[in-house]
Amino acid sequence: MSKSKTASFIYCLLAVIFLSGCMRGGVTLDVKNDGSADIRYKILAIDLFYKQLAEERDKLQSQGMTVEDAVEGNMRGFIARKHLLSLEEIQQIGLFNNSENIKNRSYVQKGFFYDDYIFEILFGSVKDDVTLTADQKQLRESLLRKIDFTYNINLPVAAGENNAATVENAGKNLSWKLNMVTGTQINARARVWHWWSIGLTGALAVAVGGWIWNWRRKATV
């Protein structure tokens with residue numbers, strides 16, 4: 001093994017041994033009744049990896065997100081926020097660009113009596129590095145497993161079908177732990193009823209029914 005590969009191997013080994021949690025954070029999506037949402041992206045890292053967050057920070061700022069510094073214990077990073085007029089805007093924000101096969105279909109299927117909120121998101125595994133040896137890849141995988149990232153969806157109503165790892169607040173708050181090695185599939189659906197349209201339709205039906213009954217009654221007199 002060359003000196004450079006030996007040094008890289010030792011570095012990875014020390015990282016895995018001594019870093020109980022090198023990076024953590026996640027995405028939180030607060031969905032509103034009107035189909036808009038507030039997205040919050042938090043990422044924190046120990047000092048060893050803090051400088052690597054600069055590119056991600058600059059990218060999110062260029063996409064119109066408000067970014068502020070964040071410190072938690074021995075970790076530093078940032079929190080990025082943005083108000084989205086529709087769920088479809090999530091697809092324009094390039095989160096986790098170092099992952100493969102990212103597919104994000106978050107949208108509202110609108111109807112007269114109700115709207116269906118649909119989330120079909122695939123976070124692929126972190127891109128493979130072909131320059132690493134088999135031993136280095138194994139150590140890299142161990143390090144990736146220590147990264148603690150979550151994807152959280154807070155809905156205005158209880159979710160129906162979903163595969164969330166954690167469900168709280170009577171089914172309104174869903175959470176998934178992202179697996180950086182194997183990838184994570186996120187599925188969730190929620191139905192928001194338009195009670196005003198249901199009430200309006202009911203009132204109209206009663207009014208029409210009353211008019212027909214009254215018309216028939218007069219016709220038989």
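## Aspartate 116 and strand β6

Leaving out neighbours within four places in sequence, aspartate 116 is in contact with Tyr107, Val108, Gln109, Arg189, Ala190 and Arg191, where contact means heavy atoms within 4.5 Å. Aspartate 116 belongs to strand β6, strands being DSSP runs of E with at least two residues and helices runs of H or I with at least four, both numbered from the N terminus. Because its relative accessible area is 8%, aspartate 116 counts as buried; the term buried applies under 20% relative accessible area, exposed over 50%, and partly exposed in between, with a 1.4 Å probe and protein chains only. The side chains of aspartate 116 and arginine 191 are joined by a polar contact of 2.8 Å, that is, a pair of N or O atoms within 3.5 Å, of which, within protein, one must be able to donate a hydrogen and the other to accept it, while residues adjacent in sequence count only if both atoms are side-chain atoms.

Strand β6 runs antiparallel to β10, and ten bridges join the two; strands are taken to pair if DSSP finds at least two bridges between them. Within this pairing, tyrosine 114 has tryptophan 193 of β10 as its bridge partner. The covered face of β10 consists of Thr184, Ile186, Ala188, Ala190 and Val192, whereas its uncovered face carries Gln185, Asn187, Arg189, Arg191 and Trp193.

## Model and confidence

The model is predicted, so that local features need pLDDT of at least 70 and side-chain atom pairs count only at pLDDT 80 or more, although totals for chains, interfaces and linings use all residues. Residues are numbered from 1 along each chain as its sequence is written, and side-chain values use heavy atoms, with hydrogens and water left out.

Confidence is lowest in helix α1 (residues 3-18), with a mean of 46, and highest in β8, at 97. Over residues 3-7 pLDDT stays under 50, and the model has three contacts beyond four places in sequence for them; over residues 9-19 pLDDT also stays under 50, with 19 such contacts.

## Overall architecture

The secondary structure comes to five helices and ten strands. Of the 221 residues in the protein, 39% are buried, and the protein exposes about 12,900 Å², of which carbon and sulfur atoms supply 55%, as computed by the Shrake-Rupley method with a 1.4 Å probe. Among contacts between residues at least 6 apart in sequence, 62% join residues at least 24 apart.

## The β7, β8 and β9 strands

Strand β9 (residues 173-178) pairs with strand β7 (residues 148-154) in the antiparallel sense over six bridges, and tyrosine 151 has tryptophan 176 in β9 as its bridge partner. Strand β8 (residues 166-168) likewise pairs with β9 in the antiparallel sense, over three bridges, with serine 175 as the bridge partner of threonine 166. Four residues lie between the strands in the hairpin of β8 and β9, where asparagine 169 takes a positive phi near 55°.

In soluble globular proteins, nonpolar side chains tend to be buried together. The largest nonpolar core here has 47 residues, of which Met23, Leu29, Leu87, Phe119 and Tyr151 touch the most other members; such a core is a set of buried Ala, Val, Leu, Ile, Met, Phe, Trp, Tyr and Cys residues joined through side-chain atoms within 4.5 Å. The elements that give two or more residues to this core include β1, β2 (37-45), β6 and β10, and its largest share, six residues, comes from β2. Beyond four places in sequence, leucine 29 touches residues including Ala37, Leu84, Phe119 and Tyr151.

Strand β1 (residues 23-31) holds aspartate 30, which is buried because its relative accessible area is 19%. The side chain of aspartate 30 makes a polar contact of 2.6 Å with the side chain of asparagine 154, and, not counting residues up to four places away in sequence, aspartate 30 touches Ser36, Ala37, Asp38, Arg40 and Asn154. Valine 27 also lies in strand β1 and is buried, with a relative accessible area of 0%; its C-alpha atom is separated by 9.7 Å from that of serine 175, which is 148 residues away along the chain.

Terms used. pLDDT = per-residue confidence, 0-100.
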